[in-house]
Amino acid sequence: MEHNIFEALQGSLSAEANTRIHSELVLKQLELEPSFSPAVVNVALASEVELPIRQAAVVQLRGYVSRHWSIGSAKYEPGPIPDQQIKCQVRERVFSLLVSEDRKLCTASAAVVASMAKYDWPDEWPQLFSQLVDLLHTNNRDQTHAAMCVFSEWVNSDMSEQHIEQIGILLPELQRIFVSSSGYATSTRAMAIRVFSDCIEIISNMSSAQRAFVDTHAPPILKEWMGPILDMFKQPVVNDGTESNIPLKAECVKAVVKAMEGFPKHMLPYNASILEVLWLELKQLQNLFVHAFVYEGSEHSELATNMLMFCEEDEGNACSIDNYLLGIFEWLAKAVESKSMRKYFVTKSEDDASVVVPTPFLSQLCVSLMSYAQITTEMLEDWADDMDLFVADEDEEGYRFNVRVSVQELVQTLDMAFSQQLSAALGCAARERSEIAKQWRRDQNNNWWLVSEAMLWTIGLVAESIVEQYESGKLGDQFNLGTLFESDVWPLTQSASFPFGQGRAFVFASNFAKALPPNIATSFVAAACNAVADTQLHPAVRLSAVRATSNFCSDLPEDVAKPQQAAFINGLATVIPQLSEDSAHIALDALHAAIQVDQGVAASLEPIISQMAMGVWQKYPGDVLLTSIVIDIVEDMAGNSQASEAFARRALPIIGSAITQSTDGMVTSSGIDLLAGLVKGSSSPMPEGYTDAVFPSLMHVLSTSSDSEVLQSGQSCLKYFVQKDAERIAKWRDNNGVTGLEHIIRFVAVLLSPDASESAALFVGDLVAKIVQKCTSFIGGDILADLIQVVTARLATARTSSFCSSLIPLYAQLFTQHPAEVVDLLNKMNFGSQSGLHIVLSAWFKNYLDVQGYYSRKVSAVALTRLFLLGDPRVNDFVTQGDLVPNAANNGKIVTRSISRVNPDQYTQIPAAAKIVKLLLAEVDMDVESMFARASGAGLNAVVDNVDLGNDDGSDDEDWEDDGDYASQGGPGAVDKYSYLSGLVDTAIDLDEEDDDDDDEDVLADPIYSQDLNEALGSFMRQVVQSNQNGFHERIEPTLTAKEKDILGKMCVN
């Protein structure tokens, strides 16, 4: 066996693909032999075998452990599981490899030990933990390193609160290793801090269930560790000019981030000291960073690079300063969110105590951030090789994380916390950075553009907030947009030698389009449009101009954008064909913005617009992002009365071909989505012949497809057909005389059959609701009743919450219109031992809070109020699940699945009327928790205005993240206990900008849509309480929790 394994491993390392593939297959087959694991570990132990093969043997063993060691493995594959005797032998031999002289072999073996520990410790390998701790006590650096490799993976992946005893033993050992600067390698010490961070996370996870334990043990742990960590931050980057401290510093900053997240209250004594040393680090590293990574050809570049690169942290993996800086910025973001740390960022003005201003620290922090935000030489090289990377990095949510992106996240966190003060600080920082750029221009230092670009980029991150302050008159004189244009924007626009800087000037100007004087706005729009069309310009300039013009079209008045609309659209026609799938979205976004400026101009360019939009979709029909933008364009063009007919003539053949001829379900689904956009955007009723041309083909595809995506898209498309052209659908007949509406109902019946996929029918509830809403005059009451029965029968067998919640709005609409009649109808339906009414109520109560969509949630809430006020005993007598009653046997335990099966939690049983009240109170409470700051006009800035910035006790810092009641500290809304509720539900739900309800004519016409739901719920609750509706005081009030009673009390205040 060992010889066979040796040969297979040798072949698996071959450079010849066929040999390698064959050998890997042989190894897979050998794994099914009971003797495989002892044999492969023997190969790894054989000193006479070449080292690469020994290493491959250990890697193969790790894969074997994940596939065949335990049936509980997530990667388990059928095959024999080793017996305990074999496992014991293998464990002992693998453990012996931890003391191997080869570091790579040792590390690979550590990973195997950690994998085995997941399944075997403590039951089958009880001595493992003590064996590893013993290794930590040896004077052998390599053995200690090996043990740390095991702990690094084991603690992170598999240890939890249940292993607190082991963590208590481990923590002192970790600290001993960390503080021993001469006894252990840097990589070993770094792992000690990393494991400490994992232990901190495990202990902090106990806070909710065992707060007293955490409060007792966290302070002494932090006291032992924070001193050495602070000392490490104070150490130089390089010791004695040879060994870098960057890996240790990077792990230390990760540890304090974890500690601040897990123990915010207990970290209060240390935060000021951490801020001091990290700020000092940022300042000291700033020049080193820019000379090493930003300024090409700098006389200090080589020295700085050598100081900031550590070439062998963990088995050859490079570790640069980036890791450390990312951690510092993350900690600063946590500090911004901490109430006790606000005084370091903002303070009361010396001239006017009612005015809050930025601290000098915040202003200098902005200066530093602008420096770190500069484009590195590596980024420039990447962008020069691949413009798709430039586009991706410029997107708001790019996929590459680096120092510049980390700066972005910190600036945006500062903006959320101290918007006005940040604007002032940025203004001060901009003046300082602008002077540097100006001086460098005079000195002909070509790095000047990097300074200006980074400064404009940083400010552009919060342009929306600054513009809002400008429009509301709250932008202080510290921020001067005119000066920025004069000193930095104009010079960049004229610097063709620096295309990425020139492009930034266009984007920056467009970020502030709403605040630009008309003459400057007009000049920039014309320049940007010319840049888009100029094929001789650098691609970065053209792509930046595309982004800029998109913003101009969206934000500027029509009279400013319209003169350049045609030129811009024509320019896009030269750009789009050159873009790849990864970059086309910015041009499509721009096209969508441009066609909305003036419908007449868009109509005159319809052939070009159609070619661009449909051309991109034909090229990339499977790209979800591109398809979504094309659908938006299709909707707008279909809604343009001057262009809709011509656009439909060009688009329909392309869409129809994709729907009827493609064998790729993804393309078919995408084509149906485009058709839905075309129908949705069209007038109602749709143009003559429209339905006849496309409806039959669509129904044929839907009736023969089993693809979930196709069926989902079909449901949405049919909903729009019914909404726009219900009468024609009802009158249309096929060759057999079957009407279009009958075809749709048959399609619905298939989707709701018991064996049909729930995911495939996810939007059938919307379709049925639209049929009920629009087609009652075309079909008889019996057919509607049968349709409701089919839906109810499927609801009775529904398994997923998402499917149940998609059907509930249908019943909610019915109950809002005819509650008594619907109760009668559902009560007459029988499904085994349950009535239809009980099925609907049970599903509704269980999934009420999962209903999605602004309108659907409002309708669901209103329907419950009407059902309650109906007072029907058939509803009131229905008993359902109430509040959780935790099992006393589980107190103080971490409840695993096995424990929950033995000692399951119980629930109270309450009447339906009580459940309705509890659900409506939960609805209000949920939105209060998430939206309170927005509704009250408070937020962190308002809190700062009304609290003592000198207070550093931080006593409530522990719960800061969950405490939205800023007004309770004296801010606006502190007097009127009910005013803060007003409009909350509406505001919270309306945050979903993609909600289809927003442009559904039928929905907009429903009074419920525009109703102030919170006022309605307040009125409802007061009526219920005052009139003792449904025996509120006797039957309902006793079921309410203290929190529910508190909410109810606030709602009932007159």
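In which helix does Gln618 lie? Gln618 belongs to helix H31, which covers residues 606-619; helices (H or I, at least four residues) and strands (E, at least two) are DSSP runs, numbered from the N terminus. The structure is a predicted model, in which local features need pLDDT of at least 70 and side-chain atom pairs count only at pLDDT 80 or more, while totals for chains, interfaces and linings use all residues. Residues are numbered from 1 along each chain as its sequence is written, and side-chain values use heavy atoms, with hydrogens and water left out.

**Overall architecture**

- The protein chain contains 53 helices and 10 strands.
- Of its 1054 residues, 55% count as buried; buried means under 20% relative accessible area, exposed over 50%, and partly exposed in between (1.4 Å probe, protein chains only).
- The chain exposes about 45,100 Å², of which carbon and sulfur atoms supply 49%; accessible areas come from the Shrake-Rupley method with a 1.4 Å probe, and for residues only the protein chains shown count as cover.
- Among contacts between residues at least 6 apart in sequence, 73% join residues at least 24 apart, where contact means heavy atoms within 4.5 Å.

- The N-terminal end of H34 is capped by Asp664, with a side-chain oxygen 2.9 Å from the backbone nitrogen of Met666.
- The loop between H34 and helix H35 (690-704) holds Pro685, and the peptide bond joining Ser684 and Pro685 is cis, with omega about 0 degrees.
- The C-alpha atoms of Gln618 and Gly671 are separated by 9.6 Å, although these residues are 53 residues apart along the chain.
- Gln618 is partly exposed because its relative accessible area is 48%.

**Gln565 in helix H28**

- Gln565 is located in helix H28 (residues 565-575).
- Gln565 counts as buried because its relative accessibility is 1%.
- Leaving aside neighbours within four places in sequence, Gln565 is in contact with Ala594, Ile595, Val597, Asp598, Val601 and Ala602.

**Aromatic pairs and charges over rings**

- The structure holds 35 aromatic pairs; rings of Phe, Tyr and Trp (its six-membered ring) pair if their centres lie within 6.5 Å, and planes under 30 degrees apart count as stacked, over 60 as edge-to-face and the rest as tilted.
- One of these pairs is formed by Phe36 and Tyr64, whose ring centres are 5.2 Å apart and whose planes lie at 40 degrees, so the pair is tilted.
- Phe36 lies in helix H3 (residues 36-45) and Tyr64 in helix H4 (residues 51-68), so this pair ties together parts that are 28 residues apart in sequence.
- Phe36 counts as buried at 0% relative accessibility, and Tyr64 counts as buried at 1%.
- The rings of Trp121 and Phe129 have centres 6.5 Å apart and planes at 40 degrees, so this pair is tilted; both residues are buried.
- Ring pairs link Phe479, Phe485, Trp490, Phe506, Phe508, Phe512 and Phe524 into a cluster.
- The charged end of Arg404 sits over the ring of Trp457, 4.2 Å from its centre; this assignment requires NZ of Lys or CZ of Arg within 6 Å of the ring centre and within 35 degrees of the ring normal.
- The charged end of Arg441 sits over the ring of Trp448, 5.0 Å from its centre.

**Backbone features in loops**

- The peptide bond from Trp121 to Pro122 is cis, with omega near 5 degrees, and Pro122 is placed in the loop between helix H6 (103-120) and helix H7 (128-137).
- Asn1028 lies in the loop between helix H51 (1013-1027) and helix H52 (1032-1036), and its phi is near 55 degrees, a positive value in a residue other than glycine.
- Asn1030 is also in the loop between H51 and H52 and has a positive phi of about 55 degrees although it is not a glycine.
- Asn1028 counts as partly exposed at 26% relative accessibility, whereas Asn1030 counts as buried at 15%.

Notes: Polar contact = N/O pair within 3.5 Å; in protein donor to acceptor, adjacent residues only side chain to side chain.
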